[in-house]
Amino acid sequence: MKIEKIGLPLARRIALAAQGFAAPRPGTAGISHLRRTVERVQLHQIDSVNVLARAHYLPAFSRLGAYDRSDLDRLAWGPRRQRRLFEYWAHEASLLPFDLQPLLRWRMESADRGETGWTGMRPFATERRAQAMALLARIRSEGAMATSDFETHRGQSGWWEWSDTKRALEWLFWAGHITTATRRGSFERVYDVPDHVLPPDILAIPTPAAPDAHRALIERAARSHGIATERQLRDYFRQPPAQARAAIEELAQEGILIPVAVEGWRHAWLHREARQPRRIDARALLAPFDPLIWERDRTEHLFGLRYRIEIYVPAEKRTYGYYVLPFLLGDRLVARVDLKADRAASVLLARSVHLEPDAPPDAHDALLEELSIMATWLGLASVRVGQP
């Protein structure tokens with residue numbers, strides 16, 4: 001069988017179209033646009049860093065412009081009748097459409113057996129299971145609770161000071177025994193049992209056989225990528241290599257995934273419904289955890305941009321800054337900007353701006369326009385460039 005060759009420029013446009021960057025932004029972005037965006041990319045990764053805006057808000061802004069962040073809050077943590085999203089470990093901790101819950105039960109079952117999750121949590125699946133079940137019983141009887149509500153946790157604080165209570169609750173979360181009911185002002189997760197959070201019709205769906213779930217997840221990853229390698233497809237939902245490979249082979253036999261040759265990739269797969277636009281006229285600031293760029297090798301290959309987040313790099317050793325967002329213009333990443341929302345001064349700080357060597361002449365002006373839109377969206381009065 002002759003394999004179609006796809007050049008890098010077209011592969012880049014396919015990827016951008018699959019991620020929602022081929023269509024112009026709506027004049028006014030409503031909740032229906034937001035729902036379609038989440039359904040397209042499948043998940044919004046959650047991250048605790050709030051130097052600019054929490055990570056889960058940013059992908060929708062990149063694609064829609066200035067939408068109402070409270071719409072996303074309602075979809076994720078609002079009244080039950082308004083909810084459309086739930087929290088779970090997908091790529092990382094993520095907001096996901098409800099219909100993905102049955103497809104991730106294989107991971108919950110693996111965690112329940114103590115085979116998945118951080119090492120410090122796994123004993124609660126076996127020898128310390130009774131302790132975790134006692135916490136679950138309290139939540140069932142007393143209602144939604146955060147880690148700080150448990151007396152056994154009090155006095156602990158910080159990411160590196162997890163109490164046994166926190167570890168047990170996180171195991172219960174991984175194993176699907178509890179989920180997120182809401183988030184408090186500090187962004188602390190409040191847990192409840194799935195029966196009180198997820199729709200009954202979702203919970204009633206029979207658990208798919210693991211191979212069927214892996215096949216469905218790979219197909220969704222392929223839709224969201226448009227074109228990708230095997231490694232990139234399985235990375236989207238962090239699937240095991242052997243199961244992902246079997247799913248890819250089955251989807252290829254059915255003609256859903258089409259093998260293609262892309263320069264620099266040993267093997268690549270094209271979703272049969274992927275759009276292949278002749279032109280992309282996007283403009284967007286991209287969060288470090290945006291699905292378009294979170295797989296750094298893919299970003300470097302498609303866009304020629306070596307991108308690494310430098311949050312954990314000592315300040316004196318950083319190349320570009322603390323919280324750096326690549327800037328998409330057309331179908332290319334043309335700049336990087338280190339951003340901070342100075343809420344006390346009501347200023348969006350662009351502490352540094354680095355244009356790429358091949359950036360077009362209008363890149364700087366386009367970036368300033370996008371920064372102005374972002375500042376307004378964040379409720380900030382002005383933009384300041386080049387000053388810490």
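Biologist: How many aromatic pairs does the count come to?

Modeller: Bear in mind that this is a predicted model. Rings pair here if their centres lie within 6.5 Å. By this rule, the number of aromatic pairs is 11.

Biologist: Are the rings of Phe86 and Phe98 stacked or edge-to-face?

Modeller: Planes under 30 degrees apart count as stacked, and those over 60 as edge-to-face. The centres of Phe86 and Phe98 are 6.5 Å apart and the planes meet at 20°, so this pair is stacked.

Biologist: Nice! How many residues apart in sequence are the parts that this pair ties together?

Modeller: Phe86 belongs to strand 3, residues 85-89. Phe98 is in the loop between strand 4 (93-97) and helix 5 (105-112). Phe86 is buried at 4% relative accessible area, and Phe98 is buried too, at 9%. In sequence, the parts tied together are 12 residues apart.

Biologist: And what about Trp89 and Trp118: stacked or edge-to-face?

Modeller: Their ring centres are 5.0 Å apart. With the planes at 85°, and over 60 being the cut-off, the pair of Trp89 and Trp118 is edge-to-face.

Biologist: Is Trp118 buried or partly exposed?

Modeller: Trp118 sits in the loop between helix 5 and helix 6 (129-142), 29 residues from Trp89 in strand 3. Trp89 is buried, with a relative accessible area of 11%. Buried means under 20% and exposed over 50%, so Trp118, at 32%, is partly exposed.

Biologist: Which ring does the charged end of Arg189 sit over?

Modeller: Happy to point it out! The charged end of Arg189 is 4.1 Å from the centre of that ring. The ring belongs to Phe173.

Definitions and conventions
Residues are numbered from 1 along each chain as its sequence is written. This is a predicted model: local features need pLDDT of at least 70, side-chain atom pairs count only at pLDDT 80 or more; totals for chains, interfaces and linings use all residues. Side-chain values use heavy atoms; hydrogens and water are left out. Rings of Phe, Tyr and Trp (its six-membered ring) pair if their centres lie within 6.5 Å; planes under 30 degrees apart count as stacked, over 60 as edge-to-face and the rest as tilted. Helices (H or I, at least four residues) and strands (E, at least two) are DSSP runs, numbered from the N terminus. Buried means under 20% relative accessible area, exposed over 50%, partly exposed in between (1.4 Å probe, protein chains only). A charge sits over a ring if NZ of Lys or CZ of Arg is within 6 Å of the ring centre and within 35 degrees of the ring normal.
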